[in-house]
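Dear colleague,

Please find below the structure that I am handing over to you.

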Amino acid sequence: MDQPGRRSATGFLAVDGGNLYYEVEGAGEALVLIHGFLGNLRMWDFQAQALAGSYRVIRCDMRGFGRSTTEHVEFAYWADVAALLDHLGVDRAHIVGQSYGGSIALDLALARPARVATLTSVAGGIGGYRPDLDREEDSVPWDDMDRLWDDKNWGELAELETQVWVDGWGQPTTRVGRTLRNSVKGAVLSTYQAENEEGLPQALEPRAADRLRELTVPVLVMIGALDEARSRATGAHLAATVPDSRSVEVADVAHMIQLEAPERVSEELRHFIQDHPL
């Protein structure tokens with residue numbers, strides 16, 4: 001049952017060649033939470049519950065994930081988020097993205113700057129950016145992951161993805177709780193096994209990597225201290241390049257910061273948004 005003063009809604013939005021499943025909870029300034037490629041909107045459940053008492057929290061499954069679908073068409077993830085904001089009558093929002101969702105959030109801020117009040121990148125990427133790391137620094141077996149993908153060896157790929165993104169590469173597989181680890185691995189495996197149509201996602205042009213200094217909104221960058229080297233270097237680059245930004249390193253967590261340190265992420269978001277109201 002909804003708490004007094006809180007409103008919730010779910011639905012599907014038809015977009016060109018696809019359908020987006022979305023959930024909205026709470027009232028107040030709009031706060032959009034964008035998931036990465038290791039799950040769906042459920043990965044933000046804790047933050048949605050924690051923040052819906054103060055904000056209108058908006059989430060959706062991106063195309064090909066969760067309950068959202070796509071046809072074999074060209075589309076842009078950021079444009080889907082913008083379409084959802086249009087559908088919900090939201091002119092401007094605080095945008096948060098985790099992992100690849102951070103790339104989507106960044107692209108939206110560059111493509112539609114008037115729609116974004118603040119941008120938070122939680123272990124997020126930057127379209128077109130790859131840090132210059134040597135093999136000793138970047139020991140993740142990316143080629144093995146590509147091979148497993150090509151072979152459709154979903155079981156081994158899901159386990160390797162879990163070691164990289166949940167455990168933290170080089171960390172023991174017992175570092176995080178079994179429930180959390182199994183939950184993420186199960187979501188990854190079910191997505192791969194479904195072999196849903198992925199469509200033809202189009203990159204923002206020019207790429208975000210070449211446009212970071214265009215950002216005029218406040219930016220919060222959250223980095224997991226145990227995350228793999230590329231992600232940490234990417235977060236550091238974003239924070240160092242964007243004029244109005246600050247970074248927060250979260251100790252003892254890897255890539256899935258919002259799952260490993262849910263209270264910390266919720267509080268950082270709350271304080272950041274309060275400092276930069278719409």
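**Salt bridges**

D45 and R42 join their side chains in a salt bridge, 3.0 Å from N to O; the term denotes a side-chain nitrogen of Lys or Arg within 4 Å of a carboxyl oxygen of Asp or Glu. The model is a predicted one, in which local features need pLDDT of at least 70 and side-chain atom pairs count only at pLDDT 80 or more, while totals for chains, interfaces and linings use all residues. Residues are numbered from 1 along each chain as its sequence is written, and side-chain values use heavy atoms, with hydrogens and water left out.

D45 is partly exposed, because its relative accessible area is 32%, and R42 is likewise partly exposed at 40%. (Buried means under 20% relative accessible area, exposed over 50%, and partly exposed in between, with a 1.4 Å probe and protein chains only.)

The whole structure holds 17 salt bridges. Among them is the pair of E23 and R59, whose closest N and O atoms are 3.3 Å apart. This pair links distant parts of the chain, 36 residues apart: E23 belongs to strand β2 (residues 18-25) and R59 to strand β4 (residues 56-60). Helices (H or I, at least four residues) and strands (E, at least two) are DSSP runs, numbered from the N terminus. E23 counts as buried at 13% relative accessibility, and R59 is buried at 6%.

A further salt bridge connects K152 with E195, again with 3.3 Å between the closest N and O atoms. K152 lies in the loop between α4 and α5 (154-168) and E195 in the loop between α6 (178-194) and β9 (200-201), so the pair ties together parts that are 43 residues apart in sequence. Salt bridges that share partners also join E23, R42, D45 and R59 into one network.

**Helix α9**

R270 is placed in helix α9 (residues 262-275) and counts as buried, at 17% relative accessibility. From R270 to E29 the C-alpha distance is 12 Å, although 241 residues separate them in sequence.

**Overall form**

The chain has 9 helices and 11 strands. Of its 278 residues, 54% count as buried. Its C-alpha atoms fill a box of roughly 45 × 40 × 40 Å along the principal axes.

With kind regards
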